[in-house]
Amino acid sequence: MLNTGDILETIKMIQEENLDIRTITMGISLLDCIDGDANRACGKVYEKMMRKAENLVKTGEEIEKQYGIPIINKRISVTPIAMVSAASGDPVKYAKTLQKVAEGTGVNYIGGYSALVHKGFSAGDKELIESIPEALAETANVCSSVNIGSTKAGINMDAVALMGNIIRQASEKTKDDHCFGAAKIVVFCNAPEDNPFMAGAFHGVGEYDCEINVGVSGPGVVRAALAKHPDANISEIADVIKKTAFKITRMGQLVGTEASKRLGVPFGIVDLSLAPTPAVGDSVAHILEEIGLESCGAHGTTACLAMLNDAVKKGGVMASSHVGGLSGAFIPVSEDAGMIDAVNRGSLSLEKLEAMTAVCSVGLDMIVIPGDTPADTISAIIADEAAIGMVNSKTTAVRVIPAIGMKEGETLEFGGLFGSGPVMPVSKFSSSKFISRGGRIPAPLQSLKN
Amino acid sequence: MRAVVAVIGKDTVGILAKVSGICAEHKANVMDVTQTIMQDLFAMTMLIEISGLTIDYIDFADKLVKAGNEMGLQIHVMHEDIFNSMHKI
């Protein structure tokens, strides 16, 4: 017989500590849909995606019922559209097709309106990138990402310069809709090809034709577990986090294998991330504060986050047969009640967040910046963040939202899982000359590391 | 296939009878029951065999949850694999 304590613990995790499966994401390759005629290609894209993902939402709901675990999102990621649309041009048509698929299947987001340009632009890349603001303004459920750097290729500074502009335009085009366009673009360095989380999900070319990737969550569970050990030292705290991450990830592994079995597609990976939501008690900042910081952003935050991130991976790796994606702690601002409070009380700045991204799983995420921030300053933020990823051989990303018409001290409301973001100040000094130089930052040395 | 029925709430007369009654009605065999009272809170876990269910598993689970609501209790019906995978290596 199962242990009653274990049963009640699981129920408490789900009921009170917001334990959930954050997303089941089906990755679908669109390489076999490429056609010189955009209409014909979009027809093939629609047909393939509808066929593969027809039962995705229904299956997710059935698994939710069977195991009693909430599965918050059902999503799709696709081959970077720049590769698919290169032959025909007219990438916006593909975005509209993805939107139609989102409506037809009932998934809440489709990721992959993307281009991989870490060394240079190939056919179709520039056209797609330039179309991102229009594509995101004309669709509701399509997400975009661009990989502008990697440890092996260096940083494509021409793409960095371009993306500053694209983010501004995406925000301006959606200024009547909370500048939401910019919240659907992620600029990556070392983008993972099997990430199930939005807005950065896309389906890499080395993946299966179709696969299931699962993203777990659970900051509330980790915080609650730590609260039971108020006097433990940091070694013991790391062990508590590992044990908790193990349990959370096992649940993700179970759901992932079950979904892949029911849908008849291979199981890809579990992304063992601590993904916060604006809900009370579901915050990564609160975990850091539980460890012993008065407010997230205080000195010691980077050290706590490094330990947390590492312990989550150590616990999770053993619990899953395949780990991938972003895996680690997410530190978005607008989606985390504790981070929002920390910004409002003046303890958390953009500079501190940048330092934190050197040791966490992603990067500067869901950060609202003043509406008059120049495009080249946004590009420079991207360059800094990409440099951290490039040198440390890790994924970093930037998702900043210039709040058009707003300035420091105001708050941009998104609602739902996206929360609300206080406008955070950026440096007033210009980076314009640096960004206008273009070119490439050469790939860094992988030895002589100091 | 086995599922766990967990019942949590204020202790009243007839909880076990009601839950096992629904199980019997739909041919779910009760394999094990443990119950404890923690302070004023009643917590019962029941392991049931559901291979021979006469109705769909999801309808059966909904019926138990609804019966729980009527008695002011929280009832969770979850496949046993979730507990095995989370708490056993």
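Visitor: What makes B:Leu41 in S3(B) the partner of B:Met38?

Guide: In this predicted model, a bridge links the two: B:Met38 has B:Leu41 in S3(B) as its bridge partner.

Visitor: How do you know that S2(B) and S3(B) pair?

Guide: Pairing asks for at least two bridges between two strands. S2(B) and strand S3 (residues 41-49) of chain B have nine bridges, in the antiparallel sense, so they count as paired.

Visitor: And what lies between S2(B) and S3(B) in the hairpin?

Guide: Two residues do, and B:Gln39 in that turn has a positive phi of about 50°.

Visitor: Why is S2(B) called an edge strand?

Guide: Four strands of chain B form an open sheet in the order S2-S3-S1-S4, with antiparallel pairing. Strand S2 (29-38) and strand S4 (73-79) of chain B each pair on one side only, and these are the edge strands. From one strand to the next, the twist averages 15°.

Visitor: Why does S2(B) lie largely in the open?

Guide: To be buried, a residue needs 20 or more other C-beta atoms within 10 Å of its own. Of the ten residues of S2(B), the number that are buried is zero, so this strand lies largely in the open.

Visitor: How do you know that S1 and S4(B) pair?

Guide: The same test of at least two bridges applies. Strand S1 (residues 2-10) of chain B and S4(B) have seven bridges in the antiparallel sense, so they pass. B:Ala3 stands opposite B:His79 in S4(B).

Visitor: Which helix lies across S1 and S4 of chain B?

Guide: Helix H2 (residues 57-70) of chain B does, running at about 165° to S4(B).

Visitor: Over in chain A, why is H11(A) called roughly perpendicular to H13(A)?

Guide: Helix H11 (residues 284-291) and helix H13 (residues 337-344) of chain A pack at an angle of about 70°, with their axes 5 Å apart. Angles of 65 to 115 degrees count as roughly perpendicular, so H11(A) is roughly perpendicular to H13(A). In the contact, A:Ala285, A:His286 and A:Glu289 of H11(A) meet A:Gly338, A:Met339 and A:Ala342 of H13(A).

Visitor: What makes H7(A) stand out where the domains of chain A touch?

Guide: Chain A is assigned domain 1 (25-189) and domain 2 (215-441). Their contact takes 39 residues from domain 1 of chain A and 41 residues from domain 2 of chain A. On the side of domain 1 of chain A that touches domain 2 of chain A, H7(A) gives the most, with eleven residues.

Notes: Residues numbered from 1 in each chain as written. Chains lettered and ligands numbered in written order. Predicted model: local features only at pLDDT ≥ 70, side-chain atom pairs only at ≥ 80, totals over all residues. Axes fitted to C-alpha atoms, helices over the stretch in contact; angles between N-to-C directions. Parallel < 35°, antiparallel > 145°, perpendicular 65-115°, else oblique. Contact = placed C-beta atoms within 7 Å. Buried ≥ 20, exposed ≤ 12 C-beta atoms within 10 Å, placed from the backbone. Domains from an automatic or database assignment.
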